[in-house]
Structures are given as structure tokens and as C-alpha cells.
Amino acid sequence: MDCLFCRIVAGEIPARKLYEDDQVLAFHDIGPQAPVHFLVIPKRHIASLDELSESDRPLAGHILYTAQRLAIELGCEEGFRVVMNCKDLGGQTVHHIHMHVLGQRQLHWPPG
Ligand code: 5GP
Ligand code: ZN
């Protein structure tokens, strides 16, 4: 298995986990860009957002809802940002889809 996030799901690489259930895992980003910066991933390997299929709609909603719920739990009720980078031109470096959640600092758009 050469996917970093699949190895985190399998417990082969440690991560600071925030939440997990049968479908998703959330854990703190190793290189935080804000005081709150965590990732929500599906446990099943999906390489990039453009590989989502129609049947993945409930999973996509579950990822988004998990992101929202954890952001509030971590004190981001005044606001936060979610980001999903898709493929190289979208800035994706780990090729297992993940939703970034950033909060607890003022964020600006565009981010650069
Ligand atoms: P991308 O650029 O693909 O959207 O984001 C990948 C994210 O994964 C980056 O923010 C990076 O800091 C994070 N990351 C990379 N390797 C690891 C790791 O081993 N553990 C954790 N927790 N995060 C990682
Ligand atoms: Zn994977």
C-alpha cells in the first residue's frame, strides 16, 4: 500500500485522530496553516475529487457534515474554511481525497 492516508487509516502511520466511524477519519494536519487545521478523509481510497461517483454522494455529504461538526467542536463557531484540492493543478499533494478545515485565524480570499 503506497498511499499515505490509507496507511493512516490502517494505523500503520500515527496521526492525531479527532473522529472516526466506519466511513470517515478526521485528524490534525501535520503542517498546520492555522491554529485549527484538520483533514477529513474517506476510509476508502479515492484518489481525487474528480473520481467521485454518483453513489459517493452520501459519503461526500458525510465528509462535509463531519468537517462542520468538528469545526464547531474545536471552537470555530465564528467561522472557518473548508478546502479540497483536486489533482496537481489544484494543488493536491496527497492523492487520497481529503477536506481541509482551517479556523481560529482571519482567512482571506484569494489565498494566493
Ligand atoms: P494537499 O496539498 O494534498 O491538499 O494537502 C495534503 C495535506 O496533508 C497537507 O496539508 C500536509 O501538511 C498534510 N500531510 C502530509 N503528510 C501528512 C502526514 O503524514 N500526517 C498528517 N497528519 N498530515 C499530513
Ligand atoms: Zn488512499
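## A first look

Is Arg57 buried or exposed? Arg57 counts as exposed, because its relative accessibility is 60%, above the 50% at which a residue is called exposed. You will find Arg57 in helix H2. From there to Val94 is a step of 37 residues in sequence, and the two C-alpha atoms sit 22 Å apart in space. Please keep in mind as you read on that this is a predicted model.

## The zinc site

Let us turn to the metal. Four residues coordinate the zinc ion (ligand 2): Cys3 and Cys6 through SG, and His45 and His96 through ND1, at 2.0 to 2.3 Å. Read along the sequence, the donor residues follow the spacing C-x2-C-x38-H-x50-H. Cys6 and His45 link distant parts of the chain, being 39 residues apart. Cys6 belongs to helix H1 (residues 4–9), whereas His45 sits in the loop between strand S3 (36–42) and helix H2 (57–73).

Cys6 is buried, because its relative accessible area is 12%, under the 20% limit. His45, at 38%, is partly exposed.

## Around ligand 1

Ligand 1 has 16 residues around it, and those that come nearest are Asp29, Asn85, Thr93, His98 and His100. His100 contributes through its side chain, with a polar atom 2.8 Å from an oxygen atom of ligand 1. Taken alone, ligand 1 would expose 520 Å², and the protein buries 81% of that.

His98, one of the residues that come nearest to ligand 1, lies in the loop between S4 and S5. With a relative accessible area of 6%, His98 is buried. A polar atom of the His98 side chain lies 2.7 Å from the backbone oxygen of His96, and His96 is itself one of the zinc donors. Setting aside neighbours within four places in sequence, His98 is in contact with Phe5, Leu39, Val40, Ile41, Val83, Met84 and Gln92.

Gln92 is found in the loop between strand S4 (80–83) and strand S5 (99–103), and at 4% relative accessibility Gln92 counts as buried. Which backbone atom does the side chain of Gln92 reach at 2.9 Å? It is the backbone oxygen of Val94. A polar atom of the Gln92 side chain also lies 2.7 Å from the backbone nitrogen of Lys87. Beyond four places in sequence, the residues that Gln92 touches include Ala47, Ser48, Asn85, Cys86 and Ile97.

## Phe27 in strand S2

Phe27 lies in strand S2 (residues 24–28). Is Phe27 buried or exposed? Phe27 counts as buried, because its relative accessibility is 3%, and buried means under 20%. Leaving out neighbours within four places in sequence, Phe27 has contacts with Phe5, Ile8, Ala15, Arg16, Lys17, Leu18, Phe38, Leu39 and Ile41. Phe27 and His37 are 10 residues apart along the chain, with 8.8 Å between their C-alpha atoms.

## Backbone details worth a glance

Most residues other than glycine have a negative phi, and most peptide bonds are trans. Against that background, a few places deserve a look. Lys87 has a positive phi of about 65° although it is not a glycine. This residue is in the loop between S4 and S5 and, at 43% relative accessibility, counts as partly exposed. Gln104, too, has a positive phi, near 70°. Gln104 is placed in the segment after S5 and is partly exposed, with a relative accessible area of 42%.

Where is the cis peptide bond? The bond from Trp109 to Pro110 is cis, with omega near 0°. Pro110 is found in the segment after S5.

Conventions:
Residues are numbered from 1 along each chain as its sequence is written. Chains are lettered from A and ligands numbered from 1 in the order in which they are written. This is a predicted model: local features need pLDDT of at least 70, side-chain atom pairs count only at pLDDT 80 or more; totals for chains, interfaces and linings use all residues. Side-chain values use heavy atoms; hydrogens and water are left out. Donors are N, O and S atoms within 2.8 Å of the metal (3.2 Å for Na, K and Ca); water is not among the atoms, so sites may look incomplete. Helices (H or I, at least four residues) and strands (E, at least two) are DSSP runs, numbered from the N terminus. Buried means under 20% relative accessible area, exposed over 50%, partly exposed in between (1.4 Å probe, protein chains only). A residue is near a molecule or strand if one of its heavy atoms lies within 4 Å of it. A polar contact is a pair of N or O atoms within 3.5 Å; within protein, one must be able to donate a hydrogen and the other to accept it, and residues adjacent in sequence count only if both atoms are side-chain atoms. Accessible areas come from the Shrake-Rupley method with a 1.4 Å probe; for residues, only the protein chains shown count as cover. Contact means heavy atoms within 4.5 Å.
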